[in-house]
Amino acid sequence: MAQEMQVITLKEHLKNWGLKGCPINNSLKIFQQKFALNIIRNMMMLKQTKFSQFLGSIEGINTKTLSIRLKELEEFGLIERKVTQQRPLQVEYSLTKKGKALDPILALMAEFSFQYEPEKIFKDKKPRHVKQYFGTEYLSEVYD
């Protein structure tokens with residue numbers, strides 16, 4: 001007779017590990033906000049730092065939503081807002097150490113699409129490794 005597998009609830013699992021909340025749910029609270037990852041991506045990959053740059057390059061975002069997202073990302077500690085002293089005053093955004101820690105996560109998300117959804121992102125529909133495009137050190141450990 002097959003041995004019955006014990007079913008455990010998430011609450012019990014978290015308690016067993018000494019956690020008071022699910023770390024994945026915690027991360028999703030940040031990233032489920034529409035356009036949040038697009039802003040982080042543009043800061044990392046395109047080196048964008050200004051409101052107008054984000055507004056002009058993130059399809060479908062409007063000024064109100066962009067303002068809200070930037071404020072939220074700042075509150076989450078992922079970006080910093082700096083007002084320059086030049087005239088006219090300008091606001092620039094930069095990634096914090098915490099925000100930069102998302103780089104390997106975004107690269108792995110890209111790797112997923114490169115490997116499993118190439119028909120949606122490449123004209124030739126052939127899978128590739130993200131390492132070919134980003135040359136990131138942490139991916140060398142995974143793919144060498």
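This is a predicted model: local features need pLDDT of at least 70, side-chain atom pairs count only at pLDDT 80 or more; totals for chains, interfaces and linings use all residues.
User: Why is Gln 48 called buried?
Analyst: Buried means under 20% relative accessible area, exposed over 50%, and partly exposed in between (1.4 Å probe, protein chains only). Gln 48 has a relative accessibility of 10%, and therefore counts as buried. The residue Gln 48 lies in the loop between H3 and helix H4 (51-57); helices (H or I, at least four residues) and strands (E, at least two) are DSSP runs, numbered from the N terminus.

User: What makes the pair Gln 48 and Asn 42 a polar contact?
Analyst: The term requires a pair of N or O atoms within 3.5 Å; within protein, one must be able to donate a hydrogen and the other to accept it, and residues adjacent in sequence count only if both atoms are side-chain atoms. The side chains of Gln 48 and Asn 42 are joined at 3.1 Å.

User: Why are H3 and H5 called roughly perpendicular?
Analyst: Axes are lines fitted to C-alpha atoms, for helices over the stretch in contact, and angles run from 0 to 180 degrees between N-to-C directions. Angles under 35 degrees count as roughly parallel, over 145 as roughly antiparallel, 65 to 115 as roughly perpendicular and the rest as oblique. H3 and H5 pack at about 75°, with axes 10 Å apart; they are therefore roughly perpendicular. Ala 36, Ile 39 and Ile 40 of H3 meet Leu 66, Arg 69, Leu 70 and Leu 73 of H5, contact meaning heavy atoms within 4.5 Å.

User: How do you know that Leu 102 is buried, and which residues is Leu 102 in contact with?
Analyst: The relative accessibility of Leu 102 is 7%, so Leu 102 counts as buried. Leaving aside neighbours within four places in sequence, Leu 102 is in contact with Phe 31, Ile 40, Met 44 and Leu 78.

User: What makes a nonpolar core, and which residues have the most contacts inside the largest?
Analyst: A nonpolar core is a set of buried Ala, Val, Leu, Ile, Met, Phe, Trp, Tyr and Cys residues joined through side-chain atoms within 4.5 Å. The largest has 19 residues, and Ile 39, Ile 40, Phe 54 and Ile 79 have the most contacts inside it. H3 gives the most to this core, with five residues.

Notes:
Residues are numbered from 1 along each chain as its sequence is written. Side-chain values use heavy atoms; hydrogens and water are left out.
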